[in-house]
Every structure is written in structure tokens, then in C-alpha cells.
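Keep the viewer open as you read.

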Amino acid sequence: MTVRTRFAPSPTGFLHIGGVRTALFNWLLARKHGGQFILRIDDTDVERNRPEALQPILEGFRWLGLSWDEGPEVGGPYAPYFQSQRLELYRRVARQLVQAGHAYPCLATKEELDAERRAAEAARQPYIHRGRLRDLPAHEAMAVLDSRQAAIRLRVPLGQTLALQDCIRGPVSWQTDLIGDPILVRADGRAVYNFATVVDDLEMKITHVVRAEEHLSNTPVQVLIYRALNASLPVFAHVPVVTEPGSRKKLSKRDMKKFVTAEVRARLHALGWTDEEIDSREDLNPAGIAYYRELGYLPAALVNYLGRLGWSLDEKSEIIPLDTMIAHFSLERVNNSPASFDPDKLYWLAGEYMRMLPLDEKVNGVVPYLVRAGLIAEEPDADTLARVRRVVVACGDRLKLFSDILLYGAFFFRDPWYDPQAVAKRLAKDGIPTLLRDFASVLRTVEPFAAQTLEASLQDYCQSRGCKTGDLIHALRVATTGVTVGPGLYDCLEILGRDETLRRIAMALQRPEIR
RNA sequence: GCCCCCAUCGUCUAGCGGCCCAGGACAUGGCCCUCUCAAGGCCAAGACGGGGGUUCGAGUCCCCCUGGGGGCACCA
């Protein structure tokens, strides 16, 4: 039997980290067993659907490399993969259930039901709805269905215990008496999630239903539907929810905006985003995928992080290559308590993955950021690319995200932006400008103008002059880069070259703070 | 209110009765390295929610309590 899993987002908002993690588990399970991973769009709730939400979801999956074997844009043997296009199927199946006596029409209005629910609440009683036509004989029920616009409800069998083995939770059970007769098809003919899901999972031959724990309470209803359809159950696995950093509440796509903190805004501003752009992008925040893509996180790092969130390979592995993850993934090793999303650990992983990335790919990843910042031309020539490469090498492990290139390497591509504090601390001090001016004359003749010889000559110079190397080094750094942090000084000078280095030193010495 | 689930360092986790006075990782603090910032190395601090059982022995099994979470729609 081939394993078939699915992820079924509803396009009512943007995918968050938790949703992606659930999708990843589905994907891993399918890949591990050489099965299929299906993407299905659960969009039966047309009023709440937002067509513009679909593309970002698909793009997110593509970016992460979570390929789907069947679904939007790729089709498949059970197309269409949009529930909104399968309503006829659900209606047909629901009618069959009525005919078989497992379901019945319901004429209650929304107002009546609301009143019932409120009354139950007021009486502090659980609300368990049983329709008035529940016990109508099947042929009469069909007659009602044909003559009136009626919703269809499942007739929940009374007095039973539903027990099943969840792959992650273990044995779980429910009393059917406590389950109200659920709506299968709305009065307007549109199926409801619980029903459409079962019909589709059955038709699409889904073998493993891996979904978030918030769906656990939907499971008894769905089990009842499977039974009514005389179908065998898939394997159920309810993965714990992902909670917000700092709270124990599950991540929700409704208020992702609250993750747009001042710090997040500052980061995005640094990349050239305006507040208007940030505010118009709902998924551009630390709970969404787009944020990490924009900042230049490596997708492999995100996948690794998400895979380790609630799952472990063994007692110590943190960095787990995707093929290892696929080879060893199992639902049995999925943890069963909620996991809190930790941006710090993700950031650390991003750095680890960046370190492992081949140089060429680092250069390729960094170029778009330099282009967008207007530091290099859109189609950089070979010389520029060679220079970018040298800068990337100089940045070394400082580069954790592609966007870090702007943090550590921008000054290689434009004049330094002199940080007043840095100038005050490292340049505008007694004797320093003179020292700098004097050493500049040494720099004029250093041969070759390379890191090693530069270092040697600076050491010699300081020794013969009896000055502290630190003073000169810091002064040089600020004079040539404008800031106090960055790659090794000698690497910086070498990349800048003799002429540019001298020009920058002269420029720095012209500053008003210095005389 | 009712139903269901969960419970190891701040966080992610290992642990499936003795290998655990609980291991790893992120974060934190200190030291080393060092031209800054990273990275790296070393060290430190830090957890089995509580109470009952079962057992020669319990983080591990059972029960209760407490705490947390999820769900109770003609939403998904």
C-alpha cells in the first residue's frame, strides 16, 4: 500500500509556521515511504475565502522545497483539488447517506439554532443538537430533501463509545451521546469541512491523516462519517500545536500582525521596506514564511528547525540534513505536547546552514540584496561578482542570513557612512589623526597591497613608532569603513585596494569632528 | 459549563523500570582566542508540577489533584 498524505489549507489567511510544520510532517511521511503528498485546498467556506491567499501559500511551499505530487497547478488523478469545485460530489454522497438512513434533512433556521445554543449556555448545559426530523423514515426524508431546501445532518448513533488509536496520542475515545448531530451539507448545498474532508480523503485514497491537534475533536464526527459510508479508517495522527514564543497559546493566523514588533519593523526597514509595504503584507512577520524568505534565511534551515519542533531524530542531533530526516522520520517519534516556536534557535540554525553553504551559492544568494539596495547593478558584471565573492569570503561566519551582507559589507560598494559615535571614539582623539596621516604614507608603498603584508607592515610601523596597534587598527577601520564592526581589517583594506583605502583615509581626516 | 488532549532546564528535546544525584541543543553568564563584530574552544547556572499507589527499584507504569492547551458552528 502506498502512503498518501495530504495537507489541506483553507485560503482564509496566510500560512503560519505551525501550519507549515504540519505540512512538513505529512510531506516527510510520504517521502519516507515513497508515497504521495497531496495539496488540497479546503475552500468550502466561500464567504471567508480570500483568493489572494493561495499564491503565497504555494510560493511558500515551493521556496521550502515541499513539492506536492497532486494538487493546484499540477493536477492529478483526483482533480480538482479545490473543494469548492467538488460540491456536487459531496451533495451526491450526502443524499446517499440520507437514503441509507444515516443522515436526515434539517429545516431549522440559523436563528432557531442560535437560540438553542444560547439557552444551553445559559442553563450551563452542553449544547447537543438533535434535529427534529432525525427519526424520519428514509423515503420520507428523501421526499423532504427533494421538495424543500434543507440542510443535511448526520444521525449520530446513541450510546456508543468511539475508540481509536491515534498514531501520536495513543488510544482516544469519545461517547457518541455527547456529540451533536453535525451538519454535512448546508441548506444552500455546500458541504461543510468535516464532511468534505472525509469524502475527499476517501476518494483521494489518503492513508494517513496527519493534522494539528486542534482537529482531534473533529475526529469522532469524521469517524462516524467513515462508518456511515461503510469505509475503513485512515491512520490518524494528531500533532501537537505550535505555540507563540513567550506564551502557551497556539499560533493563530488571525493575529499574526502582533508579531510585527518595533524590532521586526527595524529589520525590514533596513532592507528597504516601507511601513506601508510591511502593513500590507499579512505574512511578513516572524510567524509567517515570507518574513524569513525576505530576510534571506536558508529554506533548509527553516525546514530543519520545523522538523525538530516536536520531533527528534535521536538524543543529540540538531542539524539534520533533509535526506536524513526523510530516511528516519516517524510519527512515533513525534512529541505529544505543544511546542513553542523559538526564533532564536531558528536564527542559530540559519547560521549553521549558511556556514555549510558552498561559496558560489552564498554569492548568488547575496547578490539580490545588493541589487535591491542599489549597491550593484541589476546584471552585475564579472568584476563586480568577483568583488562580491571576496566580500562574502571576508564576511565569513558573520553572514548568517543573506541580508547580513548589507550589515557587514555595504561599505565595500559605497562610501562609508561615518557613525558619529565610532568617529568620536576611534578617530577624534589626540594624536590619532596624525598617526593615521603618517601611516597612510606607509600604505602608499606597501607591496603587495594584501592582507598579510599589510598586517606585517602595520606591526612593524607600530613597533618602530612605539604606538599601540589597537589604536591604529581601530582608527583605520573607522576611517575606511565608517563603523566599528565588520570583517577583519586587513581583509577589508585588501579588498578596497590601495587607492580607495588612501582616498577614504583622506576623506575621514576631512571630517569636521577632526582637526 | 461540557468534551478531549498534554505535563523533564526559560525554550526545543533525550529518556519507552535499574545505564539518570537526568543527557544534548538554543538562549543566558563567565573565561580563552582576538583589530572590532561574529565564529570557535572551555566552564557555569538551569528541569522530572504535587500527592498517593504498583515495584527490590519510578522521570519512566496506575490513580487523584493542580496547572496548561485544544475544541464544543449551516468556520476550517
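## A right-handed helix crossing

Start with α19 and α21: α19 passes α21 in a right-handed crossing. Handedness here means that a crossing is left-handed if the near helix is turned anticlockwise from the far one by less than a right angle, and right-handed if clockwise. The axes of α19 (residues 451-465) and α21 (residues 489-496) come within 8 Å and cross at roughly 120 degrees. That makes α19 oblique to α21; angles under 35 degrees count as roughly parallel, over 145 as roughly antiparallel, 65 to 115 as roughly perpendicular and the rest as oblique. The axes are lines fitted to C-alpha atoms, for helices over the stretch in contact, with angles running from 0 to 180 degrees between N-to-C directions. Helices (H or I, at least four residues) and strands (E, at least two) are DSSP runs, numbered from the N terminus.

Who touches whom? On the α19 side you'll find A451, L454, E455, L458 and Q459, meeting Y490, D491, L493 and E494 of α21. Contact means heavy atoms within 4.5 Å. Sorted by class, the contact of α19 with α21 has five nonpolar, one polar and three charged residues. Ala, Val, Leu, Ile, Met, Phe, Trp, Tyr, Cys and Pro count as nonpolar, Asp, Glu, Lys and Arg as charged, and the others, Gly among them, as polar.

## How the model was read

This is a predicted model, with residues numbered from 1 along each chain as its sequence is written, and chains lettered from A and ligands numbered from 1 in the order in which they are written. Local features need pLDDT of at least 70 and side-chain atom pairs count only at pLDDT 80 or more, while totals for chains, interfaces and linings use all residues; side-chain values use heavy atoms, leaving out hydrogens and water.

## Buried spots

T501 sits in helix α22 (residues 498-509). T501 is buried, at a relative accessible area of 0%; buried means under 20% relative accessible area, exposed over 50%, partly exposed in between (1.4 Å probe, protein chains only). Leaving aside residues up to four places away in sequence, T501 touches L443, F449, T480, L493 and L496.

α6 is mostly covered too, with eight of its 11 residues buried. Among them are F195, V198 and V199. The cover includes β1 (4-7), α3, β7 (183-185), β8 and α7.

## Cysteines

How many disulfides does a search of the whole structure find? The search turns up zero, taking a disulfide as a pair of cysteine sulfur atoms within 2.5 Å. For C467, the nearest cysteine sulfur is that of C462, 3.4 Å away. C167 is partly exposed, with a relative accessible area of 27%.

Most residues other than glycine have a negative phi, and most peptide bonds are trans. Two peptide bonds to look at are cis: A79 to P80, with omega about 0 degrees, and E447 to P448, with omega near -10 degrees. P80 lies in the loop between α2 (54-64) and α3 (87-99), and P448 in the loop between α18 (432-443) and α19.

Then there are the positive phi values. K205 follows α6, with phi near 55 degrees, in the loop between α6 (193-203) and β8 (208-212). N230 has a phi near 60 degrees. N230 belongs to the loop between α7 (219-228) and β9 (235-239) and counts as exposed at 71% relative accessibility.
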